[in-house]
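User: I have a structure to go through with you. Can we start with the charged side chains and then move to the core?

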Amino acid sequence: MSLFKARDWWSTVLGEKEEFDQGCLCVADVDNSGSGQDKIIVGSYMGYLRIFNPRPVKPGDEIQPEDLLLEVQLREPILQVEVGKFVSGTEGLHLAVLHCRKLCVYAVSGTLGNVEHGNQYQIKLMYEHNLQRTACNMTYGPFGGVKGRDLICIQSMDGMLMLFEQESYAFGRFLPGFLLPGPLTYSSRTDSFITVSSCRQVESYKYQVLAFATDADERQETEQQKLSSGKRVAVDWVLNIGEQALDIRVVSFNQAVSSVFVLGERNFFCLKDNGQIRFMKKLDYSPSCFIPYCSVKEGTINTLVGNHSKMLNVYQDITLKWATQLPHIPVSVKVANLQDLKGVIVTLTDDGHLQCSYLGTDPSLFQAPRVDSREINYEEFEAEMKELQKIIKEATKTQDILPKSEKHRDLIVTAEVSPDLDAESQAIDSEVKAEAVPSVTVKITIQSRVTAQKPNLAVCVQAPLAVTCDQFVFDDLEPDSSETVVLSVFLKGNCSPSELEGNCMVSYNIPTELNPEGIPKVAQCNFRLPLRLVCSPAQPSKAANHKITIDTNKPPISFLTIFPDFVDPSEDDQANVLGFQFLTGSKTTLLASKTSQRYRIQSDQLEDLWLITRELTLRLEEHFKKQNCKDFACTFSGSIPLQEYFELIDRHFELRLNAEKFQELLSERAVQFRAIERRLLTRFKDKTPAPLQHLDTLLEGTFREVHFSSRRSHLIWLVCLGDSGADPQPE
């Protein structure tokens, strides 16, 4: 038999380093468009849910952005996605998403877009069920013969079938002799659930038997229950297939009888409704997935079987009709109707390669046109060649494959940081205990080349840094106009920041003919704050608790060159050693080796090492970049100070435990305080005075304990949140 490759109709790669499995793929008209065209729904173990509406592309071209209708990240891994009539009161299709401990049902809808971005799709949560057991897989169907709606059955990892009647939980039943979960499906013709147990046998359970069996919460049956109305879960029929099953499907087409297809590790079986074998096919390869679909020949069923050799085989009953090569190993395969093309094969791999393909070959319909013999005008060809070369030269002059350059953007935002600190500090509401908290001025300029509607400026800095004003709202900007704002940045929290970089972001709208209200756009820029904002020069310290050594491949540079803002040129002794006094009170020392290419950073606080290390590496890189030195590198060959890091984590964890202990103590003392107050109030309202029996003394002591516990808990939480000046042990 000839072997052909699957013809690529549409393909894409989903995400980066995401994982997919058998239940992560589904095809259906999930948005109820009524056009008869299926959408491709894909969920991943990373929690991403994507819905595609593929359109054919030319070979080598990428997919269009409009093909992705929806992409949303859910909070939990997605085990399986199914589409059915899962919402009461409507026969529209809805999307069911199975998580490890949750079942969610969504409605997918779309609205027509009025700009070039296309239509907009969104999902709305209709209802959800929190599962008490870890889910494995699910199936759905009209359980019990209901009309116009689908019910859902979830199989847990410990062998419990949990049935949901749409918005409500119906019941749960444990399967007898359960060890490991297997594939699960539902047969509407016999109203039964079919699965493959760890005993390697196909088992069928009637829905009515499950409904009238003993509740799953009562696993330990008593003798009275055995004799009364409670019934055990009894199997309808069993077939031993002698191997573990990969998947199971129930098919029922107009021209064929209802059949149960089971894909094993070395065979695939076709069973009747009562468990008898119609036929079986021994496979000479290791299968990975399969899907039965309608055949054109009456009385037969076609089956697609994918294997680990990147092959997709087409069987008509047990006869191999076609074999095609796939570029990847599929873990799930579906047959869909896309863009008026029926029978598109949709495959998904475990690493996210989604492909829509078809079988056969593409015949060449091209016929070479007849060549008319005519005289060649060389002068005309020469002029055309020069014109084309001129166009190519202009197009390749800039070699611009990136977005528009800064000067060609619609709106440009720039930030200029003052080289000197403010003469008069603009710090407000600072928690720093230092005598003076410096601030630095940042000048932000917005230049617009076009009409910009509703421009808003947001300025962000890393906490504990703060700005005097972080939000600005402007009037509409006319073409070739600009706006300038001035603000100050200062240290607000009583701890060192993790970085000295800030970000300016301007959001605005640009009107178009289709959308006069404007298309939202964003422009942004970053700025770097001076190190003098959080620390000042100080005497170096010889002893320190924490030290790290940075190795370089260049001779050490004098601190007069890379730290001119911290070194006095008249003091030569600071060329190789430098001290930094942080506003929070801690001190860090920087030393440069005279004999080796090393720098040492040492401090009594582990967290203060990072900021000076970061500043040193940045300034060294800038220094060697100015000298056109491209091979400069910084390395750290010492052991990572994990022990100190773990000690900080242990201390933080201990503080959290103490905070919870004092919260509980505070709650107990508050209850006691209110009880004493009620007792005293009853005594005071009594017409016949009675002795207080030391209730006033008990009330005063309880009040002191309440005050002490609340104060202690508050101080501990301050320490946990980073206020190093707070004392968790008050007097």
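User: Is Arg528 buried, partly exposed or exposed?
Analyst: Arg528 is partly exposed, with a relative accessible area of 29%. Buried means under 20% relative accessible area, exposed over 50%, and partly exposed in between, using a 1.4 Å probe and protein chains only. This is a predicted model, where local features need pLDDT of at least 70, side-chain atom pairs count only at pLDDT 80 or more, and totals for chains, interfaces and linings use all residues. Residues are numbered from 1 along each chain as its sequence is written, and side-chain values use heavy atoms, with hydrogens and water left out.

User: Which residue forms a salt bridge with Glu622?
Analyst: Arg528 does, with the closest N and O atoms 2.6 Å apart. A salt bridge here is a side-chain nitrogen of Lys or Arg within 4 Å of a carboxyl oxygen of Asp or Glu. Glu622 is in helix H5 and Arg528 in strand E37, so this pair ties together parts that are 94 residues apart in sequence. Helices (H or I, at least four residues) and strands (E, at least two) are DSSP runs, numbered from the N terminus.

User: And what is the N to O distance between Arg528 and Glu615?
Analyst: Their side chains meet in a salt bridge at 3.0 Å, N to O. Glu615 also lies in helix H5, so the pair ties strand E37 to that helix across 87 residues of sequence. Glu615 is buried at 5% relative accessible area, while Glu622 is partly exposed at 39%.

User: Which residues are linked in that network?
Analyst: Arg528, Asp565, Glu615, Arg619 and Glu622 are linked in a network of salt bridges.

User: How many salt bridges does the count come to?
Analyst: The count comes to 19. One of them joins Lys521 and Asp410 at 3.4 Å, N to O. Lys521 lies in strand E37 (residues 519–528) and Asp410 in the loop between helix H3 (378–395) and strand E30 (411–417), so the pair ties together parts 111 residues apart in sequence. Lys521 is partly exposed at 36%, and Asp410 is buried at 17%.

User: Switching to the core. Which residues touch the most other members of the largest nonpolar core?
Analyst: Leu457, Leu531, Val534 and Phe563, out of 58 residues. Helix H5 (residues 609–626) gives the largest share of this core, 6 residues. A nonpolar core is a set of buried Ala, Val, Leu, Ile, Met, Phe, Trp, Tyr and Cys residues joined through side-chain atoms within 4.5 Å.

User: Which residues are in a second, separate core?
Analyst: That core has 18 residues, including Ile78, Val81, Cys104 and Val108.
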